[in-house]
Amino acid sequence: MQGAQMGEALPPWLKRGLADLFPAGESGDPDQSLAARLKQAAGAERPLRIKLGIDPTGSDIHLGHSILFRKLRAFQDAGHTAVLIIGDFTARIGDPSGRSATRVQLSAAEVEANADTYLVQLGLGQPPEQSLLDFTTPGRLEVRRNSEWLAGLDLPQVIELLGTSTVGQMLAKEEFANRYGSGTPISLHEFLYPLLQGYDSVAVASDLELGGTDQKFNVAMGRDLQRHFGQRPQFGLLLPILPGLDGVQKMSKSLGNTVGLKEGPLAMYSKLEKVPDVVAEQYLTLLTDLDPDHWPTSPRERQKALALAITAARHGLEAASAAQADAANLVAGEMAAQTVPETSLAPVTFPAKAFHLLSALGLCASSSEARRQIQGGGVRLDGEKLTDVNRSFSAASELEGRVLQLGKKTFLRLVA
């Protein structure tokens, strides 16, 4: 954590999980101190405008993404206005952050379809207590698409934007610097991404922008452009990147270490109660509101507490409690957890479909038999029925530690 504002001046809900805040001045200047800006807004009875931009380059949101939405919801609950920007224009360029090569550009139709699924997963059409964001309380949410202002920019306006930055500044961005140094091509349109994303802050008159720690360059660009266009610069508030279920690499669907928001209660709980001890505290801090003073001291109880709290936040306490009981019954019903035999996933070639998994592990004599077992409801993964014979598992890490059940008597704990 950086700067004096990580101390007493900010409310606990805002400080929780904070990785960086800039500027972080100690004075009472509302342009340098977020605490002073909050106090000024309260005195003027003007809620702050809290910006979060998302580029819908995929169709699913996982818990790693949800960290930023949880903080945005905390601002909503404190009376401020969340400005959720759907990057339908910028998604067609692709954010170069964290990339070692140029992203594949998406079509407008692909982006819009993804955006629709994002909004549903965030809670569109649901009561606030059951959703990540509050879509219903008046004044708490604006959903904007940045094609509203970016699609209409003419060439002189684009040239003006380009004139606010230098090639040297762009190459100071780590991803660009690495690619330039290694001779990996950088397309000119990629230099436009930080500028267009920064211009979003101008278009919505943002007071504060949320982002992951990999987004500092883009958020700072928004501040620069607001100054250029005569606006009061926004604050940048950055949150950590969540480790995945492996406890090592960042949560990413391509790595098979995610928990998706669309997953059912049992699947969600079962995955979360197995998170490595080394990341349990991060999960508790970033994904729950549980008071650290009351966190269990036992590592196993911490796993169960975070699994229950996160599942309850998504599915309700009743469903989460039922999932906890079902997960316990899974391993305690037929045999104690310590006696569930382990089987190696080494024979399985990934990505693998469900029916192939059964046959590769020798649980079924053939793929056709495996299909029949699944279609007949005789196969469960962590207690949840596998119903889709073509369900795909991308990597062994996605199945590590999970219990595969065939019929009533065969239980196997999968190990990579």
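Throughout, a residue is called buried when its relative accessible area is under 20%, exposed when that area is over 50%, and partly exposed in between (1.4 Å probe, protein chains only). The model is a predicted one, so local features need a pLDDT of at least 70 and side-chain atom pairs count only at pLDDT 80 or more, while totals for chains, interfaces and linings use all residues. Residues are numbered from 1 along each chain as its sequence is written, and side-chain values use heavy atoms, with hydrogens and water left out. Helices (H or I, at least four residues) and strands (E, at least two) are DSSP runs, numbered from the N terminus.

Salt bridges come up first. One is counted when a side-chain nitrogen of Lys or Arg sits within 4 Å of a carboxyl oxygen of Asp or Glu, and by that rule there are 21 salt bridges. In one of them, Asp60 pairs with Lys262, with the closest N and O atoms 2.8 Å apart. This pair links distant parts of the chain, 202 residues apart: Asp60 belongs to the loop between β2 (49-54) and α3 (63-77), and Lys262 to the loop between β6 (235-239) and α11 (265-272). Asp60 is partly exposed at 27% relative accessible area, whereas Lys262 is exposed at 56%.

Glu112 and Arg145 make another salt bridge, their closest N and O atoms being 3.0 Å apart. Because Glu112 lies in helix α4 (residues 108-122) and Arg145 in strand β4 (residues 141-145), the pair ties together parts that are 33 residues apart in sequence. Both ends are partly exposed, Glu112 with a relative accessible area of 29% and Arg145 with 23%.

A local pairing is found in helix α10 (residues 216-228), where Asp224 and Arg227 are three residues apart and hence separated by about one helical turn. Their side chains meet in a salt bridge of 3.0 Å, N to O. As a rule, an α-helix has 3.6 residues a turn, so residues three or four places apart point the same way. Asp224 is partly exposed, with 37% relative accessible area, and Arg227 is partly exposed too, with 43%. Elsewhere, salt bridges with shared partners join Asp31, Arg37, Arg46, Asp207 and Arg232 into one network.

Helix α9 (residues 188-204) has 17 residues, which at 1.5 Å a residue should span 24 Å; the end C-alpha atoms are 26 Å apart, which agrees. The expected span here is 1.5 Å times one less than the number of residues. α9 is mostly covered, with 13 of its 17 residues buried. Just after this helix, Ala205 takes a positive phi of about 50°.

Next, the pockets. On a 1 Å grid over the protein atoms alone, a pocket is an open set of points with protein on both sides within 12 Å along at least five of seven lines, and lining residues have an atom within 4 Å of a point. The second largest pocket has a volume of about 630 Å³, volume being the space filled by probe spheres set on the points. Its lining has 28 residues, of which Arg70, Leu132, Leu287, Asp289 and Ala313 are the closest to the centre. The elements that give two or more residues to this lining are α3, α12 (277-287) and α13 (299-315), and α3 gives the most, with eight residues. By type, the lining divides into 15 nonpolar, five polar and eight charged residues. Here Ala, Val, Leu, Ile, Met, Phe, Trp, Tyr, Cys and Pro count as nonpolar, Asp, Glu, Lys and Arg as charged, and the others, Gly among them, as polar.

That leaves an open sheet of five strands, ordered β7-β13-β12-β9-β10 with mixed pairing. Two strands are taken to pair if DSSP finds at least two bridges between them. The edge strands, β7 (342-344) and β10 (384-385), each pair on one side only. β7 runs parallel to strand β13 (residues 410-415), joined by three bridges, and Glu342 stands opposite Arg413 in β13. β12 and β13 pair antiparallel over four bridges, with Phe411 of β13 as the bridge partner of Gln405. These two strands form a hairpin with three residues between them, and Gly407 in the turn has a positive phi of about 70°. Strand β9 (residues 379-381) runs antiparallel to β12 over three bridges, and Val379 stands opposite Leu406 in β12. Within strand β12 (residues 403-406), Val403 and Gln405 point one way and Leu404 and Leu406 the other, and all are buried.

How values were computed
On a 1 Å grid over the protein atoms alone, a cavity is a set of points where a 1.4 Å probe fits but cannot get out, and a pocket is an open set with protein on both sides within 12 Å along at least five of seven lines; lining residues have an atom within 4 Å of a point.
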